[in-house]
Amino acid sequence: MTDTVTITIDGQDFEVPKGMNLVDAAKLHGIGIPVFCYHPKLDPVGMCRMCLVELGNVAIDRTTGAPELDEQGNPVIRWFPKLQTACTQTVSQGMVLRTTSDMVVEGRENILEFLLTSHPLDCPVCDKGGECPLQNLTMAYGPGESRFIYDDKIRLAKHVPLGKLIYLDRERCIQCARCTRFCDEIVGDDVLAFHERGRRLQIVTISDPPFDTKFSGNTTDICPVGALTTTDFRFGARPWELTEVSTICPYCPVGCNLNASTRMDREFGGKAMIKRIMPRQNERVNEIWICDKGRFGHHHSRHEERLLAPLMRNKSGELVEVEWPAVYKAIAKQLKAHGDQAGFVGDSTLSNEDLWELRRLAELSGGSPRLGLWPATMSGGDVVAQVGVGSETRLQDLGPGSVILVMASDFEEEAPIWWLQVKQAADRGAKVVVANARPTKLDRYASAVIHYRYDEAVGVLNSFTAPLLSGDGQLGQGNGWGALQSDLQNAEVTHADTANLLASAENLVIFLGSEGLTLEQHAELMQAAANLLIVSGHVGRPNNGLIPVWPGANVQGAWDMGFSAEATADLLANPPALWVIGGADVAGEDIRMATALEQAEFVVVTAQFMTPTAAHADIVLPRQSFAERAGTYTNGLRRVQRFYPAQGPIGDALPDWKIFAHVSAQMGGPRPPVAAGTIFRDIAQRVERYIGMDYTRLAWFEPQFPDVGGDDLYYGGTAYSNYGGLGLQWPAEAEAEQPQFSVRPVRTAAPQTDGLTLVPVWVLFDRGHLFEKSELMHHRMPQPYAAFNPDDAARLGLTDGDRVTLAVEGHELTVTAQVGDDNPAGAVLLPRRLSGDATLSTPAACTVQKIESMQKVEG
């Protein structure tokens, strides 16, 4: 229960949470105190002075402890002699303030007059015009005229690139420090700072490369003037011309809520076109932040290389355009002919509706459907269903008493907003434990850091559970309890202090990735996490449980629809004669998949571009991007969220679900549904976890605090209020009234390789077939490289910058060697989706050849 106090604002009493910021407390009851520098997600600094109010407290008789009363019997108020900044005050019992007195009105006018002394009259051409807090507050509170001489205006540079994504207009900057504080407090990146003094005070970038952060676009959202603008939206449209459409980021498991700002554009054939991507507030998911990949990675949706019509190979082996009815019949004919010799793979960018129709098509093809998932790097969907984090988990609620374990993940590269939220949880007092084979950026905020060899990962996590058992204790009743107890009593106890920290936590959240692990190892790692959570009692309630760092936006949804990485592994081990691949560039990312497709009798692919996978296909079907269709994604916290059509369709491209449904109809299935909502209704009737959901319920929303994106953009910035839906989270099995837990001993042994092991790793700004189309982000995409430990490099005769050829499973890849102390011994770290050539999606033995000497050296 939150303690409350009573305060008085303009003669009216309000009950507010004790210790709350005064600006927030007023806002909570609909009273706006104008601000520029204050932001509800940042620490107060009182720099702009716009929030000046008259402040006082009820006088208390020191003898009796009762309020002093005047002659009329009213409490005596002891007022501060001067105006006070509301943003630097926290509420206390008896606090009294005036927000509309003559003194306050005069103070606000003076502040605005000073701010405008050197501010340019750019409103007609400023990108912020129409959604500018300075513009709005000047109209509401500013003076009608200025006493300052125009010739005294300070003139500064107006087109200053802070890197290649953000431009600064130094004349418009009012030195509120929101941008510098965001980078420092929220992100922890020391990339912006103040330079000069007085009226020449200005923002500069102090990093190399400039403005080197993955979250730079957020500074333009919280900037209260038009000083910071983005490269891709700069002079592109006026805010009042835009139509806002709710959508979901298609890149990572966080499931960030976005608004696509669209406009009918003649450059796009008069159709609706995305002009910018903005954050949409969802305090349960991304709060009001998004990373630069989600913000600037939408250009693939209208790229000139998009596939516009179905393609089918003719007798000469060439792909030629055909009509949709012809390809539907051709695919149905091949599926009927091949029967149970067909395999199906769904990409993580497919919506739940797409995956459901692909599954139905597989079921019509005969035999037991083989439903593979891509990327196929993580196991444990069944484990997540059992011990996933409790419903209504909010990472921003984690603080003192909470422990967060992040393991086998380079967190900022794989799930940047989760990284940001865990970093902030550490700032609030949560204990963060990082376990990985190599240092990552999250280490700097960790209370404990454990570095292990990649083959030790399962054993390390298993060791956290062992100290929780007494010699003759009983874990409980249920599947596998006795076997687990027997196994753990014989296990080696390591990292006992960390184990005790995890076990004693009030709240425990475990984030698990898959770096350096085979699929079999990852299944054991997920089970080890489940064992720890169950034994320590951190399941079945909010802010406790497991969160997988899935390698894509809808991997969780794919598991829910019946797809799995294990099925993909089986398809590779026992390749089908016919492949149906939805959206994934499997041949462009994995050499084993490329080989399997080369040997297949028939391949059907849905794709936005002519990828290496599409080049292997006998039929290529143009699919719509996330921006052109409706659907749902299920994020890593199991929250099912809607996205809506934002942009006009490209050519004859169709949503994947419609393609699969039409083929099913050719095979004797039901008539194709008319809309994605119809498919989701079917899902909600047949998938137990989704029972009771529908598009209407997913679109529910409620007022959120802090209140951002409203009429008073000065408070929270230009992030948008959420009117598209907050989504629904399906409950884990541990949340049942009488849950039945299933535990088992885990296999800690790992396969051993002689020499070096190639370990695929994720980088955020990759060259995947979708993100690579955002040309303004090319400068953030590293050149292909392989990272070596210094000892391994010395043994191989390598130095930093050498060109090397990596040989793995009969295939070769040429990259640049990077040698650094942070790279683990015995491993060659190879970022996925950087080279444009297929590599491997899971670890494997490799050899290295230095190109300069052309002498082969074994790893």
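R295 and D221 form a salt bridge, with their closest N and O atoms 2.6 Å apart; a salt bridge is here a side-chain nitrogen of Lys or Arg within 4 Å of a carboxyl oxygen of Asp or Glu. R295 lies in helix α6 and D221 in helix α5, so the pair ties together parts that are 74 residues apart in sequence. Helices (H or I, at least four residues) and strands (E, at least two) are DSSP runs, numbered from the N terminus. R295 is buried, with a relative accessible area of 3%, and D221 is buried with a relative accessible area of 3%. The term buried stands for under 20% relative accessible area, exposed for over 50%, and partly exposed for values in between (1.4 Å probe, protein chains only).

The model is predicted: local features need pLDDT of at least 70, side-chain atom pairs count only at pLDDT 80 or more, and totals for chains, interfaces and linings use all residues. Residues are numbered from 1 along each chain as its sequence is written, and side-chain values use heavy atoms, with hydrogens and water left out.

The structure holds 51 salt bridges. Side chains of opposite charge can pair when their charged atoms come close. E287 counts as buried at 4% relative accessibility, and K41 counts as buried at 15%.

A further salt bridge joins R638 to E735, with the closest N and O atoms 3.5 Å apart. R638 lies in the loop between β27 (631–634) and β28 (639–643), and E735 in the loop between β29 (728–729) and β30, so the pair ties together parts that are 97 residues apart in sequence. R638 is buried, with a relative accessible area of 0%, whereas E735 counts as partly exposed at 26% relative accessibility.

Salt bridges also link D122, K153, K158, D169, E171 and R172 in a network. Of these residues, D169 is found in the loop between β8 (166–168) and α4 (178–187). D169 is buried, with a relative accessible area of 4%. Not counting residues up to four places away in sequence, D169 touches D122, A157, K158, G226 and A227, where contact means heavy atoms within 4.5 Å.

The protein is divided into domain 1 (4–115), domain 2 (150–302), domain 3 (311–378 + 555–689), domain 4 (381–548) and domain 5 (756–850). These bounds come from an automatic or database domain assignment. The centres of domain 2 and domain 3, taken over C-alpha atoms, are separated by 36 Å. Their contact takes 25 residues from domain 2 and 22 residues from domain 3.

Between domain 2 and domain 3 the buried area is about 1,800 Å², of which carbon and sulfur atoms give 59%. Buried area is the accessible area (1.4 Å probe) that two parts lose on being put together, summed over both. I248, P250 and H300 supply 28% of the area that domain 2 buries against domain 3, more than any other three residues. The count of salt bridges between domain 2 and domain 3 is 0, while 11 residue pairs there are in polar contact, both residues being at pLDDT 80 or more. A polar contact is a pair of N or O atoms within 3.5 Å; within protein, one must be able to donate a hydrogen and the other to accept it, and residues adjacent in sequence count only if both atoms are side-chain atoms. On the side of domain 2 that touches domain 3, β12 (243–248), β13 (257–265) and β14 (271–279) each supply at least two residues. The residues of this side divide into 12 nonpolar, 9 polar and 4 charged. Ala, Val, Leu, Ile, Met, Phe, Trp, Tyr, Cys and Pro count as nonpolar, Asp, Glu, Lys and Arg as charged, and the others, Gly among them, as polar.

Some backbone angles were also examined. The peptide bond from D208 to P209 is cis, with omega near 5°, and P209 is found in the loop between β10 (202–205) and α5 (218–222). F211 is found in the loop between β10 and α5; phi of F211 is near 45°, a positive value in a residue other than glycine. F211 is buried, with a relative accessible area of 3%.
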